[in-house]
Amino acid sequence: MKKKLGIYILVLVPIVAFYAFAFKNAFNIGWNDDWHGIEGFLASWMQQSTFGEKMTLLFSQMCEHRIIYVRLSTLLCYQLFGEVNYKILMLMGVAHLLILPFVFYRLLREINLGMAYLIPILFIVFNTQPIENIFWAITSLQPNVVIIFGLWGFSLLLFNKQKWAFYLSIVLFFIAMFTNGNGMFAFLAAIPILLYTRSRGEKIQYFVFLAFSFWLYFHDFEKPGIRPDVKVNITQFPHIIIGDFFAFFGSPIDSTVQFYNVTLKHVVAISAGVVLVGWLAVQLFTFLYYHFLPKAKKDNSNWFYRLYTRLLAHPKFNLYLLAAFIFVGLSGAAFSVSRASQGLEQAFASRYKTVSIILFAIVYLSFFNVVAVAQWKKYLRISILAAILFSLFSYYESLDEVEKHRRFFGTTILNWKNNGRYYYYAFENSRNPDDHVPINQYQRLPIPPFNYAGFVPGIMKYVNDILWISRVHFKNYTTPAEIDSLNKALYINQVPNTGAETVKITDDSNSIQIEIENMAVPACTRYDGYYAIFTNDKTRLAFTLEAPANKFTTFLSSGNFYNSHIEAVVAKPDLPVGSYSMKIGKLENSRFKVIKEQAIKIQ
C-alpha cells in the first residue's frame, strides 16, 4: 500500500508543480504574433459578413503556417469569456499536455510495465524549459499542441482497431497540419503504423485524405517574404543546418545556466544532440540492416543482432517509437533547414523545446530494448533520479526567464496603454512614418495578408489598426491590474537613488548605449529591476534593461545571483521624433529609484 502511495505521489508531483508554476506566472498579456494571429483574426472575423469569407479567413495563411486550431481556440475563449484572455489561452495550450500520460501509459502496457515506469516521462514532459508556452499564447496553442496531437494520433492508430479511432487519428493529424507546418509530418510518420496495423480499405482512405490535406494546405500557398530562402540555406549554410539540427535536440542541456560561454553552450548542445539522435539512429539502422538484408549474418553472440531480436519481440512498442522519432526528427530537420541563416542561437528558442523534450522521453523508452528484463527496476530507479534532476535543473533555468519575460512584456503592454499604439521596432531602418499615426477612427480590416508578421513597411500600422479596433471598438481585452501598479511605480513613485550604482550613457546616431555598474537585482522578483523611461508632453515609454541570467557560478564567486554590470541598448527607432527626459533607475518595492537623468533628442 505504501509503495502504491509513493508511486501516485511521484506521478502527481511533476504535474501539480508544473501547473502551479504555469498558473502563477502566466498573465493576460499578448506578445508579437498574438496581436495579428489572435486579435487581428478576431477583429477580421467579426467583420466578415458571409460563411465563405469566414471559412477563407479560418484557413488563411499566417507566414508559412495555417493556424486553424489557434483560431478556433480564440473563438471559443471569446464566446466563453467575452474577451481575448491570454492567460486562459496559454493555460488551454499547456492543458493539452495532460493527454500524454495516457498515451505513454498505454505504450508502457504494451511491454507489461506499470504506472511506476511512467514517472520519468512525467518529469520530462511537464517541463518548464518551453517557458514561452506560458508567455506567448500562439506558441502554447501552435507548436506545443501539434506534437501532442501527433503522438496521440499514433497511439489511436496503433492500439485501437475500431473505426472511430482510425478516423479520429486522421482528424488529429489534419488539425496538427493546419496548426503548424511541421504537423504535416504526423501524416508521414504514421505511415509505418498504417501499413502494419490497418486494413486495405483504411489504407486507401488514409492516402486519399493525406493527398487532399496536402493539396488544401499548399493551394494558393505563398512563400512569406520575411522568411529566409530555404535554397540559400541549403547551398550556403549546410554546416549550420547540421549544427542546428543537433543543437535543436540537445538544447535542453543548456550550459549557460552555469557558464557565460556561447562556444561551450553550442558544443554541449550539439554533443548532447549527437548522442541522443545517434542512439536512436543505431536502433533504427540495426533493424533495417537485419530486416532488409537477407544475407546478414544472424549470430546471437553479436550485440547488434541481439538488439534486432529484442526490437522484434515488441513490434507495436517499437513501431510507436519509430513513428515518434520520425515525427520529431522531421520537425527538427525542417526547423534547421528553415532557420540556418539565422544562426545557432535559434536552436535554443524555448518555444521549440517541446519537440526536443519529447525526444528525451523516446530515448528513455528505447533503452527497454537493451536493458535486461531483470535490470528494469534498477534502470527505473536511475531514470527517476535523472528525470528529477533534469526537472529541477529546468526550474532553476526558468526562474530567471520568468522575471525577464514579465518585465519585458509588462513594459510592452504598458507602452501601448500609455500611448495608444504599439511600438515594436528592432532594426536600424525599420521605422515607417505611418507606424506612429494615432488610430482614431473605425475602419474595416481585410482578411490578414499572409505576410503580415515581421518588419515590413506598413505592418506596424496594420498592427495598430488591430489594437484600436479590437480593444477600443470591440472592447475584448482587459489589461492586468498589475500593469496599473507598474505604471504608478515607474512614473509616479519616483525617488532619488541612494545605492552605489553608476551609469554611463553613450548617445550614438541610431541607439542609446547604457552601462550600469555595481547593480544588484534580487532573485525571483516581480517586475523589480533596471529600466530606462522616456517622457515628454505626449509620450511615455519604458524599456527594461536586462540583467544577466541567474547563474550558479556567479553566486559561488560573488555571493550574488547576478553579475554587477549591465550593457543595454535602446534603439532610437523605438522612439517617435521629439525631445525626452530620459531617466535610468531601479524599480524596487513599487518605487522607481532614479540613478541618472538626461535630456535626449530623437530626430
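Is Glu401 buried or exposed, or does this residue count as partly exposed? The first point takes that up, after a word on the model.

Please keep in mind that this is a predicted model, where local features need pLDDT of at least 70, side-chain atom pairs count only at pLDDT 80 or more, and totals for chains, interfaces and linings use all residues. Residues are numbered from 1 along each chain as its sequence is written, and side-chain values use heavy atoms, with hydrogens and water left out.

1. Glu401 counts as partly exposed because its relative accessibility is 23%. (Buried means under 20% relative accessible area, exposed over 50%, and partly exposed in between, with a 1.4 Å probe and protein chains only.) Its salt-bridge partner is Lys404, with the closest N and O atoms 3.3 Å apart. Lys404 is also partly exposed, at 25% relative accessibility. The two are three residues apart in helix H20 (residues 376-419), so about one helical turn separates Glu401 from Lys404. (Helices, H or I with at least four residues, are DSSP runs numbered from the N terminus.)

2. How many salt bridges does the structure hold? There are 10, a salt bridge being a side-chain nitrogen of Lys or Arg within 4 Å of a carboxyl oxygen of Asp or Glu. One of them links the side chains of Arg106 and Glu110, at 3.2 Å from N to O. Arg106 is partly exposed, with 31% relative accessibility, and Glu110 is partly exposed as well, with 27%.

3. Now for a buried pair. Glu588 and Lys586 meet through their side chains in a salt bridge of 3.0 Å, N to O. Glu588 counts as buried at 18% relative accessibility, and Lys586 is buried with a relative accessible area of 9%.

4. Lys377 lies in helix H20 and is exposed, its relative accessible area being 55%.
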